[in-house]
Amino acid sequence: MKLFVKFLIVVVLLALAGPFFLKGPDGLPLWRWQDAVAKFNHWRSGAVSNTVGVVIPEAGSVKVYRWQDEAGQWHFSNEPPANQNADVLLINPATNVVQAAKPREPEEEAPVEDPADDIPESAHISPILPLPDPETTQQLLQDVRELQDLAEQRKAAMDNIQ
């Protein structure tokens, strides 16, 4: 029983330490020590959250009113509705702020040059490629015959296995 408890403690410690060492899709650890300290301090400070799960910041928050009409449509406003009950949401204005990317300047198009202008007239006579010399051709034929013989030997060996 003591061995099982020790094993269980080791498994729990590994599960708690795992996110600090396992890499995410971006190549960084899933969780950093700074994140853990910030979460602990946030938890220790007793931050209050409302019914929709938005954490209410202590300073610099914006008050937003939310209510639902008879048709089921949700409405949001910075002023409360006249004769309806509304939920009050306190939202940190710095949440989910992403700076927009600057658009690139359009590049000027360079005039397209015809590659055929650089080729001398004598090169336009025949599209046929030059043939290799006879010695190279004989060596290529010999290599092909040897390769064909090797393929036939391997096929015969495979047929004998079956």
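The legends below describe an overall view and two close-up views of a predicted model.

**View 1. Overall fold of the protein.** Three helices and three strands make up the secondary structure, in the order α-α-β-β-β-α from the N terminus. Helices (H or I, at least four residues) and strands (E, at least two) are DSSP runs. Of the 162 residues, 7% are buried, that is, under 20% relative accessible area. The accessible surface is about 15400 Å² (Shrake-Rupley method, 1.4 Å probe), and carbon and sulfur atoms account for 60% of this surface.

View 2. The patch consists of Met1, Phe4, Val5, Phe7, Leu8, Ile9, Val11, Val12, Leu13 and Leu16, with about 1000 Å² of accessible area together. Patch residues have over 30% relative accessible area and no salt bridge, and nonpolar side chains are joined within 5 Å. A salt bridge is a side-chain nitrogen of Lys or Arg within 4 Å of a carboxyl oxygen of Asp or Glu. Leu16 belongs to helix H1 (residues 2-21) and is exposed at a relative accessible area of 57%, the cut-off being over 50%.

View 3. Asp149 lies in helix H3 (residues 134-161). With a relative accessible area of 42%, Asp149 is partly exposed, the class in between buried and exposed.

**Notes.** Residues are numbered from 1 along each chain as its sequence is written, and side-chain values use heavy atoms, without hydrogens and water. Local features need pLDDT of at least 70 and side-chain atom pairs pLDDT 80 or more, while totals for chains, interfaces and linings use all residues.

Key: Patch = residues over 30% accessible without salt bridge, like charges linked within 9 Å, V, L, I, M, F, W, Y side chains within 5 Å. Buried < 20%, exposed > 50% of the residue type's maximum accessible area, 1.4 Å probe, protein only.
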